Amino acid sequence: MFGNESILFVLLPVVLLILFLVRGRQIFEYDSDGEAVNFKNRNIIPFLSKEIRDEFPKYKILSYEVVNAIFLKKLFVKIKSRKEHHQAIILKYDISYLTDKEIKDLKFSLKKIIKANKEANREGKTQG
């Protein structure tokens, strides 16, 4: 009926679905109030992937990195390991659907936490 254009009706939704899946989890929640930091990363469609939920004390955060590729953005947070004190764990979150302002606010908050941790470590070493 449509001729060659009918391929577009099939191909375009498939490409958009693949792009949607590649970009990762759509919902990212971050809470740094109090002594703990909470990260929650989940999909709009619950059965597509398992929800990631992490909560840990602020003093465990060592560093972070935001990777910004063409279609996806990821947040990597490096924290102190609970079991092995000289090891670090890297947690990964999908932040592709956050706006630039939200990413800027997230970075600001994480920088503030890391700065406070470094100052607390410096004070602890000079006193002890």
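This is a predicted model: local features need pLDDT of at least 70, side-chain atom pairs count only at pLDDT 80 or more; totals for chains, interfaces and linings use all residues.
Visitor: Let's start inside. Which residues touch the most other members of the largest nonpolar core?

Guide: That core has 18 residues, and Phe28, Phe39, Phe56, Ile61, Leu75, Val77 and Tyr93 touch the most other members. Strand 2 (36-42), strand 4 (61-68), strand 5 (73-80), strand 6 (88-94) and helix 2 (100-127) each give two or more residues to this core. Helix 2 supplies the largest share, 5 residues.

Visitor: What is Val77 in contact with, leaving aside its neighbours within four places in sequence?

Guide: Its contacts include Phe39, Phe56, Ile61 and Tyr93. Ser63 and Tyr64 are also among them, as are Ile89, Ile90 and Leu91.

Visitor: Now to charges. What's the idea behind a salt bridge?

Guide: Side chains of opposite charge can pair when their charged atoms come close. In this model the count comes to 8 salt bridges. Take Arg25 and Asp94, whose side chains meet at 3.5 Å, N to O. Arg25 sits in the loop between helix 1 and strand 1 (27-31), while Asp94 is in strand 6, 69 residues apart.

Visitor: Are Arg25 and Asp94 buried or exposed?

Guide: Both Arg25 and Asp94 are buried.

Visitor: And how do I read the pair Asp100 and Lys73?

Guide: Their side chains form a salt bridge at 3.7 Å, N to O. This one links helix 2, where Asp100 lies, with strand 5, where Lys73 lies, 27 residues apart. To sort the two partners, remember that buried means under 20% relative accessible area and exposed means over 50%. Asp100 has 62%, so Asp100 is exposed. Lys73 has 15%, so Lys73 counts as buried. Leaving aside neighbours within four places in sequence, Lys73 is in contact with residues including Tyr93, Asp94, Leu98 and Ile103.

Visitor: Finally, the surface. Which residues make the nonpolar patch of about 470 Å²?

Guide: Phe9, Val10, Val14, Ile18 and Val22 make that patch. One of them, Val14, lies in helix 1 (residues 5-22) and counts as partly exposed at 40% relative accessibility.

Key:
Residues are numbered from 1 along each chain as its sequence is written. Side-chain values use heavy atoms; hydrogens and water are left out. Patches are made of residues with over 30% relative accessible area and no salt bridge: like charges are joined within 9 Å, nonpolar side chains (Val, Leu, Ile, Met, Phe, Trp, Tyr) within 5 Å. Accessible areas come from the Shrake-Rupley method with a 1.4 Å probe; for residues, only the protein chains shown count as cover. A salt bridge is a side-chain nitrogen of Lys or Arg within 4 Å of a carboxyl oxygen of Asp or Glu. Helices (H or I, at least four residues) and strands (E, at least two) are DSSP runs, numbered from the N terminus. Buried means under 20% relative accessible area, exposed over 50%, partly exposed in between (1.4 Å probe, protein chains only). A nonpolar core is a set of buried Ala, Val, Leu, Ile, Met, Phe, Trp, Tyr and Cys residues joined through side-chain atoms within 4.5 Å. Contact means heavy atoms within 4.5 Å.
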